[in-house]
Amino acid sequence: MNIHISLQSDIPTYEQIKIQIKAQILSGQLAPNQPLTSMRQLARDLRVSVITTTRAYSDLEAEGLLYTVQGRGCFVKGDADMVRRQYLSSIDEAFRTAAEKGRAAGLSLEELQNRLEEAFHAQCHE
């Protein structure tokens with residue numbers, strides 16, 4: 001598991017951890033049932049509080065991406081495809097909303113696409 005955090009980012013540390021683990025699960029870098037680094041070890045590796053890593057793992061478990069086995073640790077949930085489909089559905093809904101609001105604001109499709117590209121690139125650089 002490869003995670004990098006930026007202390008200069010406006011995104012909270014636990015959220016940076018969450019985003020990167022989620023991306024690794026959805027891309028297949030982390031396989032179903034693969035154990036994750038322990039919360040304590042990850043906290044040591046990243047030089048953050050255990051509370052921070054616990055929050056990230058707990059949020060990912062609540063989103064259905066991880067499961068915990070008492071005394072053994074956290075593991076990647078087996079059905080990442082289902083979670084990916086849920087994300088795609090959520091993206092489609094957000095696009096429908098953006099299209100509706102863009103049209104109401106008088107934006108052309110090109111202007112709306114440019115705004116999406118700007119948001120996408122801004123997210124990549126955080």
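Which hand does the crossing of H2 with H3 have? I looked it up: H2 passes H3 in a right-handed crossing. (The rule I used: a crossing is left-handed if the near helix is turned anticlockwise from the far one by less than a right angle, and right-handed if clockwise.)

Before going on, I noted that this is a predicted model, where local features need pLDDT of at least 70 and side-chain atom pairs count only at pLDDT 80 or more, while totals for chains, interfaces and linings use all residues. Residues are numbered from 1 along each chain as its sequence is written, and side-chain values use heavy atoms, with hydrogens and water left out.

**Entry: H2 and H3.** Helices here are DSSP runs (H or I, at least four residues), numbered from the N terminus. I found H2 at residues 39-46 and H3 at residues 50-62, with axes that come within 8 Å and cross at roughly 120°. That makes H2 oblique to H3 (under 35 degrees is roughly parallel, over 145 roughly antiparallel, 65 to 115 roughly perpendicular, and the rest oblique). On the H2 side, the contact (heavy atoms within 4.5 Å) is made by Met39, Arg40, Leu42 and Ala43. H3 brings Val50, Thr53, Thr54 and Tyr57.

**Entry: H1 and H3.** Next I checked H1, residues 13-26, which packs with H3 at an angle of about 45°, the axes 8 Å apart. That makes H1 oblique to H3. The crossing of H1 and H3 is right-handed. Among the H1 residues making the contact I saw Tyr14, Ile17 and Ile21, and H3 residues there include Ala56, Tyr57 and Leu60.

**Entry: the two sides of H2.** Which residues of H2 are buried? I got Leu42, Ala43 and Leu46 (buried means under 20% relative accessible area, exposed over 50%, partly exposed in between, with a 1.4 Å probe and protein chains only). They cover an arc of only 100° around the axis, so they sit on the same side of H2 (the arc is that of the directions from the helix axis to the C-beta atoms). H1 and H3 are among what covers them. On the face turned away from that buried side I found exposed Arg40 and Arg44. Just after H2, Arg47 takes a positive phi of about 60°.

**Entry: Ile3.** I then went to the segment before H1, where Ile3 lies. Ile3 is buried, with a relative accessible area of 9%. Leaving aside neighbours within four places in sequence, Ile3 is in contact with Ile17, Gln20, Ile21, Gln24, Leu42 and Leu46. I also noted that Ile3 and Lys18 are 15 residues apart in sequence and 9.5 Å apart in space, C-alpha to C-alpha.

How values were computed. Axes are lines fitted to C-alpha atoms, for helices over the stretch in contact, and angles run from 0 to 180 degrees between N-to-C directions.
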